[in-house]
Amino acid sequence: MNTPLKHLAVVGAGGMGSGIAALFAARGAQVVLIDPVDGALDRARASIARQLGVYAAGGEGEAMARIRMSPDLDAAAECDLVIEAVPENLELKRGIFAKLDAICAPGAIFATNTSGLSINALASAVTRRERFVGTHFFTPADVIPLVEVVRNDDTSEATVAAVMDALRAVGKRPVLVRRDIPGFIANRIQHALAREAISLLEKGVASAEDIDEVVKWSLGIRLALSGPLEQRDMNGIDVHHAIASYLYQDLENRQEPSELLRGKVERGELGAKSGQGFYAWSPERRERVLREKSEALAELAAWLERKAGGG
Ligand SMILES: NC(=O)c1ccc[n+]([C@@H]2O[C@H](COP(=O)([O-])OP(=O)(O)OC[C@H]3O[C@@H](n4cnc5c(N)ncnc54)[C@H](O)[C@@H]3O)[C@@H](O)[C@H]2O)c1
């Protein structure tokens with residue numbers, strides 16, 4: 001690996017932490033994966049084996065051997081880079097970073113995989129604010145190429161450069177988010193899209209299947225190649241302006257999650273993990289779809305990389 005950050009600690013061995021650990025280990029880093037919750041490391045071992053089987057074909061055993069597992073935060077002591085991926089709770093994350101600040105060498109860089117909590121609020125738990133960034137991976141973390149790197153008000157240029165280099169060394173495409181804005185870039189756009197999709201479902205405009213079908217086979221397939229701004233250029237800014245002039249006023253702009261969403265959460269209809277969401281999910285279907293989508297996304301990402309590289 002062509003980066004000085006070769007010793008990585010990942011704190012939190014759930015979906016994201018496992019994927020991040022698998023990714024770095026597959027590319028040659030030494031990783032310690034830390035999680036004190038009963039059974040979490042065993043579950044992580046199984047899911048890492050599945051993930052390495054998808055894209056480290058042939059080298060799974062060696063990659064797995066580079067991952068040490070520990071329930072104890074002290075295991076992060078020798079690391080150059082710590083990536084935190086515990087549940088999305090500000091006080092939990094702040095408490096863990098405060099402890100890590102005392103455990104790790106002063107030069108170690110801290111990164112949080114928060115989906116949208118304030119990077120400034122998290123960084124204020126440590127004395128090394130200049131060596132603290134957000135690294136927002138996307139699920140599955142070992143497969144999706146992009147990582148948003150988010151600075152807090154004190155993050156140094158050297159920290160940004162070191163983290164971007166480390167991410168490039170494991171094959172990621174990091175993008176710097178210059179301001180600590182809620183939801184960063186991707187979640188703001190993702191939630192704007194989901195808010196409209198849920199609203200269309202509530203209004204009975206189409207079924208969940210048909211709304212997904214429309215997005216996947218029109219915008220989705222195009223978005224894989226052109227971002228929304230480049231696409232506006234290709235459509236014509238005047239055309240976009242004309243449509244925006246009458247359409248914006250009719251788009252969903254609610255300030256709170258919808259009734260439909262609140263009801264589903266209250267009834268425990270939490271999606272694939274609970275058996276019911278917008279769709280019904282048996283455990284077998286969930287496993288199969290997760291595996292198939294991971295494999296397909298890895299193929300698609302590799303194809304897009306080849307295209308981008310002119311290959
Ligand atoms: N799931 C996603 O799509 C996604 C995408 C991007 C970012 N994120 C963010 O990544 C973080 C983790 O999300 P996830 O989906 O992996 O959650 P998860 O619930 O799958 O995993 C969280 C893990 O943290 C562990 N944990 C709990 N308390 C801990 C502690 N004190 N010390 C160490 N580990 C502890 C749990 O045992 C669990 O294994 C969250 O901040 C989330 O918002 C999630």
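This report looks at the ligand site and the nonpolar cores of the structure above.

The model is predicted, so to speak with care: local features need pLDDT of at least 70, side-chain atom pairs count only at pLDDT 80 or more, and totals for chains, interfaces and linings use all residues. Residues are numbered from 1 along each chain as its sequence is written, and side-chain values use heavy atoms, leaving out hydrogens and water.

Let's start with the ligand. Around it sit 23 residues, and Met16, Asp35, Glu88, Lys93 and Ser115 are the closest; a residue is near if one of its heavy atoms lies within 4 Å. By type, the shell holds 12 nonpolar, eight polar (Gly counts here) and three charged (Asp, Glu, Lys or Arg) residues. The table gives polar contacts, pairs of N or O atoms within 3.5 Å.

| Protein atom (N or O) | Distance to a ligand oxygen atom |
|---|---|
| Gly14, backbone | 3.2 Å |
| Lys93, side chain | 2.7 Å |
| Ser115, side chain | 2.6 Å |

Alone, the ligand exposes 830 Å², of which the protein buries 72% (Shrake-Rupley, 1.4 Å probe). Helix α4 (90-103) and helix α1 (15-26) each give two or more residues to the shell, with the largest share, three residues, from α4 (helices are DSSP runs, H or I, of at least four residues).

Now to the cores, sets of buried (under 20% relative accessible area, 1.4 Å probe, protein chains only) nonpolar residues joined through side-chain atoms within 4.5 Å. The largest has 36 residues, and Phe24, Ile83 and Phe137 are among those with the most contacts inside it. A second, separate core of 25 residues includes Ile34 and Phe132.

Definitions and conventions
A polar contact is a pair of N or O atoms within 3.5 Å; within protein, one must be able to donate a hydrogen and the other to accept it, and residues adjacent in sequence count only if both atoms are side-chain atoms. Buried means under 20% relative accessible area, exposed over 50%, partly exposed in between (1.4 Å probe, protein chains only).
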